[in-house]
Amino acid sequence: MTRKFWKRTEPLDPTDPDHAELARLLPAPSIPPMPLDRQLLFEEHLLNEIRTPAPPTAKRPARRALLIALPVTAAALAAVVAVNALTGGAPRTGSASVEAPVVPVEEGSALQLVSTVQQIAAAVSKQRTPEPKPGQYIYVKSEVSYLSYSHNADNDESRTWVQPLHQREVWKSPDARSGWVDEPGQLPEGGLGLGKDNPHSKPVNGKDVPGEAPNLSYDWLKAQPTDPEPLLKAIYATTGGPRDRDQQAFETIKAVVNEQLVPAQNAAALYRAAADIPGVVVVQNSQDAAGRTGLALARLDEKTGERIELVFDRTTFAYLGSRGVQVKQVNNVKPGTVTERTAVLERTVVDALKQRPAPGGTV
């Protein structure tokens with residue numbers, strides 16, 4: 001586990017022999033389809049909005065997705081259309097939306113990146129995490145809020161909205177092929193099944209389930225090396241599509257630490273790998289959805305103008321949650337707009353699907 005820590009300044013070289021060997025061993029990166037819960041929400045939202053269509057000549061800027069399901073994929077982003085551009089006013093979601101909060105934009109710095117990540121890795125490597133057995137489920141309870149953007153074609157005014165903070169619960173089998181997600185007010189009552197538990201899922205090639213990403217499962221993570229460099233190569237191998245691969249890799253790590261259980265040594269390597277991604281900096285003051293403040297590992301998506309921040313307690317270096325902040329104005333989303341907030345409240349292992357842990361069972 002001990003290694004000389006360094007900061008990568010160049011992207012991975014596809015001609016590198018190690019990279020070529022990894023590409024030979026792993027299947028070609030694919031773009032999985034949108035998970036069903038997200039697809040249903042977008043379809044319902046679209047049907048609601050098209051009742052009052054805008055004039056054909058109206059500008060239709062893109063909007064961000066209401067991130068209500070599994071980690072963001074290129075396919076999911078491609079499926080998001082200018083739904084709110086069809087009408088003015090607040091977007092129609094499962095619960096009333098509110099105006100997005102705005103915070104001062106603090107400049108990030110790479111000067112303390114190495115020492116900060118070393119402290120985070122040292123803290124997480126001392127944690128004891130339960131190991132899920134076959135038939136058990138990883139349970140994560142969070143508080144979340146995501147952005148929605150609306151544009152009034154009549155007066156060319158734009159507004160940025162967010163979901164009210166609300167609870168989200170996810171159950172995942174160790175292989176990620178079975179599970180459940182419940183997000184009251186944002187998903188159908190009672191939640192939706194994931195993987196084979198989704199009644200609309202159909203096996204692909206006899207084993208894979210649409211919308212799932214087995215390469216981000218607990219089993220997959222546990223099998224990965226605990227050296228950051230080969231681990232980062234494996235994470236890059238899961239990316240695909242036209243988006244910035246460095247940003248995809250960083251957001252993949254965010255998705256894992258938000259809604260997955262990661263063995264301690266793998267988690268330490270995961271954070272070290274995050275720091276090796278070009279463009280990652282430290283932001284000294286950030287905040288999760290529960291209002292807990294801390295420092296953050298962050299990366300700016302130059303195309304969208306959004307900076308994703310992974311928030312850690314500044315004393316214990318425990319992971320708290322994530323925050324998205326608009327740094328550059330894109331599609332009339334103003335700098336300082338908080339585009340997403342999450343806070344991990346509980347993370348543990350339970351014996352059955354949709355079972356909640358007993359008090360005191362949280363990791």
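Reader: How many of the nine residues of strand β8 are buried?

Author: First, the basis: this is a predicted model, in which local features need pLDDT of at least 70, side-chain atom pairs count only at pLDDT 80 or more, and totals for chains, interfaces and linings use all residues. Residues are numbered from 1 along each chain as its sequence is written, and side-chain values use heavy atoms, with hydrogens and water left out. Helices (H or I, at least four residues) and strands (E, at least two) are DSSP runs, numbered from the N terminus. Buried means under 20% relative accessible area, exposed over 50%, and partly exposed in between (1.4 Å probe, protein chains only). In β8 (residues 293-301), eight of the nine residues are buried.

Reader: In which sense do β8 and strand β9 pair?

Author: Two strands pair if DSSP finds at least two bridges between them. β8 and β9 (residues 306-312) are antiparallel, with seven bridges; Ala296 is bridged to Val311 in β9. Four residues separate these strands in a hairpin, where Gly305 in the turn has a positive phi of about 80°. Strand β7 (residues 281-287) also pairs with β8 in the antiparallel sense, over five bridges, and Ser286 has Gly294 of β8 as its bridge partner. In the hairpin of β7 and β8, five residues lie between the strands, and Gly291 takes a positive phi near 85°.
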